[in-house]
Amino acid sequence: MTQRRWRGNGCHHGNQRALQHLKRHLKASMDNSRQPVSILKGIGPQSVAKLKKLGIHCLQDLLFHLPYRYLDKTRCHDIAHLTAGESVLISGIIESTTVLPHGKHNLIVLLRDDSGSIPLRFFHYTAGQLKQLKPGVRLRCFGEIRHGYQSLEMSHPEYTIVDSQDTITEQHLTPVYPTTEGLHQATLRKAIDQTLTLLGGQLDDHLPDHLCQQYNFPPLLQALEILHHPLPYQNSDSDAHRAALARLAFEELLAHHLKMLQGKQHSKQWQAPAFEHDDALKQRFLGQLPFQLTSAQQRVIAEIEHDCRQHKPMLRLVQGDVGSGKTVVAAIAALMAYASGYQVALMAPTELLAEQHLNNFRQWLLPLGIEPFFLSGQLKGKQRTQTLSAINSGEARLVIGTHALFQEQVDFDRLGLIIIDEQHRFGVHQRLALREKATPTGMKPHQLVMTATPIPRTLAMLQYSDLDISIIDELPPGRKPVITCVIPASRRDEVIDRIRQWAGKRHQSYWVCTLIEESDSLQCEAAEKTADYLAEALPNLRIALVHGRMKAAEKERIMQDFKAHQYDLLVATTVIEVGVDVPNASLMIIENAERLGLSQLHQLRGRVGRGQQDSYCLLLYQAPLSETGKQRLAILRESQDGFVIAEKDLALRGPGEVMGTRQTGQINFKIVELSRDQHLLDKVQDAAQYILSQHPESIPDIIDRWLSHHNPYAEV
Ligand code: ADP
Ligand code: MG
């Protein structure tokens, strides 16, 4: 691989003496890209703090802080040929200067060149400026062209008084960077220019030349040069610019992908207990189930069985739409471990869901003589101590719980299988951490990860490429589609009437309160208010409330009572998003539906449509709804298929939105914008294979450049 020198191009305003000083500071041989920004001239503690807000800590972060647009100060435009909306440089002679007599007393300066004239409008000006801007003076101005009262005009331009000999010195487009309050463009530009000059000679290309040629990528330094200081023909619309941006995004995606693949390879060296068991327990279990497994469930179970018979840990993701029957697959996997003499841990993202699994597993397994244990953060005192010691002694063979299962005090004796339900609620980071959990024998447990969040294939690669994937692509027979309606909140009274009629027919309903804020307490407060309001409007109905802030036991009691039809209406926050299973509840109202992601709405809707009767989901929205908002809710009305919904949402909103922080596994990209760079994902996959086989030596460098500095996976 070649080193390419940064070519100083005259427009980096680096003060030579300051640079000399800095270079002395930096040891010539080491990688300085991780030096703090504070070593730069002009970057004091205040700027350091501001840069931090932008996620910029070290020099390399500055290199990858890209402009979001450019100003063209490289050439003058003819005044006669300007268009509204563009920001341009013009040059001419002042023809007249007028202070408007009415209103705000704007200053209007009429500027003329050979082609025509245009008014410059100044909203504020000093007496000095008024004196300066006299007819006959030659000006060069930069500003935005807008529609004025009578003609196009330039409002409040930057200007310089020039003499006729004056020539334009800018050769490059001027970058405009994303910034934060109090941090000036000039400060950012200077800092980035210094960094380019300092690091230019040291930045290696880690991408093999072959790949760069194949995809027409410029070398790294050239790409940075084009992005920070493009020549006029390298503007945002140019191929050169696109290639430069793609070069960086590609490498970043590649780093993430390689990291995952590396994790997968790494885990292949681990030993796992190979399950050896006969089928008797599974057959007894199946014999007492009130239904037949679907063929998709059977196929996935066979895949899991095959994996767990190996001496290497299984790392398998089971993806299946809401209601596809993942729980029973988990139960059968748990039985495999059990029958082979190992412990199983089943982790759910919420107390409510963990408790519900506990109930399901009790029902299924107690008749087989298997007693599930329970551990959550809520479990305290003696009960907790007892459970911990049962886990430690190996007496607790099957433990169901929340993430409390994997805290330090929890020591398993013979952990053979970890099952993670609704993994998208945990984030990649937690999942990867869990994997490191070893048993005293040094063996790693098998891992089964389950999710209902349908992720389009291309995006799955970023989140799950370290896992083998099984898909339950079939719903149990007899499921009816949930009839979905989109209704403005102004028709709330009609909706409340619907609930009354519904209860009259002995059916139950959910009312889901949502808020855009991820704040638990606000959400609970809103739910409480709604419950009060509904209690008043529906005095004859039995109404219950569950939200995240209630004690586990209380939530559990209410859910049980709701299931036993002690209540007609359950008012809830999105805590019921996952897992809750009450077949007689067949009407769901979701408030502020326009604020939720489609996948989340689909997931919520999956709580109904579980019984024999027709089910309904009413999506209430606050008018007015945008055009996209309408289209999005229509998608939900028209489809019941989680994958279709996710793909359409993706097309409509782009991956950034669809994969909202909660679903991306919290990946913070520096350069990549999935909506723009999605098309690179296939290439990245090919390139990763090529590098793994031909250039494994460059893998650590690539990962290090993009991922090592700070944790790319934000805390959950
Ligand atoms: P999810 O995949 O959303 O976790 P669950 O495991 O909660 O779905 O299953 C939803 C419902 O479907 C449960 O009541 C479960 O007992 C039932 N179920 C699962 N598999 C089948 C099947 N093969 N036939 C009929 N019902 C099934
Ligand atoms: Mg489930």
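E697 sits in the loop between α25 (681-694) and α26 (699-707), with helices (H or I, at least four residues) and strands (E, at least two) taken as DSSP runs numbered from the N terminus. Heads up: this is a predicted model, where local features need pLDDT of at least 70, side-chain atom pairs count only at pLDDT 80 or more, and totals for chains, interfaces and linings use all residues. Residues are numbered from 1 along each chain as written, chains are lettered from A and ligands numbered from 1 in written order, and side-chain values use heavy atoms, leaving out hydrogens and water.

**Ligand 1**
- Ligand 1 is surrounded by 16 residues, and the closest are Q292, G323, K326, T327 and D581; a residue counts if one of its heavy atoms lies within 4 Å.
- On the oxygen side of things, a polar side-chain atom of T327 lies 2.6 Å from an oxygen atom of ligand 1, while an N or O atom in the side chain of K326 is 2.7 Å from an oxygen atom of ligand 1.
- The side chain of Q297 has an N or O atom 2.9 Å from a nitrogen atom of ligand 1.
- Taken alone, ligand 1 exposes 570 Å², and the protein buries 84% of that (Shrake-Rupley method, 1.4 Å probe).

- Most residues other than glycine have a negative phi, and most peptide bonds are trans.
- A623 and P624 are joined by a cis peptide bond, with omega about -5 degrees; P624 is in the loop between β21 (615-621) and α20 (627-638).
- H565 has a positive phi, near 60 degrees, and belongs to the loop between α18 (552-563) and β19 (569-572).

Methods: A polar contact is a pair of N or O atoms within 3.5 Å; within protein, one must be able to donate a hydrogen and the other to accept it, and residues adjacent in sequence count only if both atoms are side-chain atoms.
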